[in-house]
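This report walks through a structure, piece by piece. Keep the sequence at hand while reading.

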Amino acid sequence: MCTSGAPPPTPMAKKLISLRLAANVHKAAMKRYKKLGFRSLGEYVEALIRCDIDRNLEITVTHSDEGLKYEAVPKS
């Protein structure tokens, strides 16, 4: 909602992409985006990416026999 009297910002152009997610991650993400009030899974994923970029997180990813492990901490 725009309260300054200025017109609302023009939405940025969107680029269609394809993602592959593990079935259990997809199921959890579908529940989560709805619970948080996002209109779509894409909107939720975009918000997560923006958060990562805005907070300048340092994400460490390791692969093991147990699967993918990660840790995200703010850069100092």
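Is Leu21 buried, partly exposed or exposed? Leu21 counts as partly exposed, because its relative accessibility is 42% and that class lies between the 20% and 50% cut-offs. Note that the model is predicted.

## The segment before α1

Leu21 sits in the segment that comes before α1 (23-36). Leu21 also belongs to a nonpolar surface patch.

Helix α1 has 14 residues. From first C-alpha to last, α1 reaches 20 Å. That is close to the 20 Å expected at 1.5 Å a residue. Gly37 follows α1. Its phi is positive, near 95 degrees.

Helix α2 covers residues 41-55, which makes 15 residues. At 1.5 Å a residue, α2 should span 21 Å. The end C-alpha atoms of α2 are 21 Å apart, so the span agrees.

## Asn56, after α2

What follows α2? The answer is Asn56, with a positive phi near 55 degrees. Here the positive value falls in a residue other than glycine. Asn56 lies in the loop between α2 and β1. Asn56 is partly exposed, because its relative accessible area is 41%, between the 20% and 50% limits.

## One aromatic pair

How many aromatic pairs are there? The count comes to one. The partners are Phe38 and Tyr44, with ring centres 5.4 Å apart. Their planes stand at 50 degrees, so the pair is tilted. Stacked would need under 30 degrees, and edge-to-face over 60.

Phe38 has 26% relative accessibility, so Phe38 counts as partly exposed. Tyr44 has 13%, so Tyr44 counts as buried. The cut-off for buried is under 20%.

Strand β1 spans residues 57-64. Strand β2 spans residues 67-74. The two strands pair in the antiparallel sense, over eight bridges. A hairpin joins β1 to β2 through two residues. Ser64 stands opposite Gly67 in β2.

How many of the eight residues of β2 are buried? The count is zero. Strand β2 is hardly covered.

Note on methods
Residues numbered from 1 in each chain as written. Predicted model: local features only at pLDDT ≥ 70, side-chain atom pairs only at ≥ 80, totals over all residues. Heavy atoms only, no water. Phe/Tyr/Trp six-rings, centres within 6.5 Å; stacked < 30°, edge-to-face > 60°. Buried < 20%, exposed > 50% of the residue type's maximum accessible area, 1.4 Å probe, protein only. Patch = residues over 30% accessible without salt bridge, like charges linked within 9 Å, V, L, I, M, F, W, Y side chains within 5 Å. Areas by Shrake-Rupley, 256 points an atom, 1.4 Å probe, with all protein chains shown as cover. Salt bridge = Lys/Arg side-chain N within 4 Å of Asp/Glu carboxyl O. Helix = DSSP H or I, 4+ residues; strand = E, 2+ residues; numbered from the N terminus. Expected span 1.5 Å × (residues − 1). Pairing = 2+ DSSP bridges.
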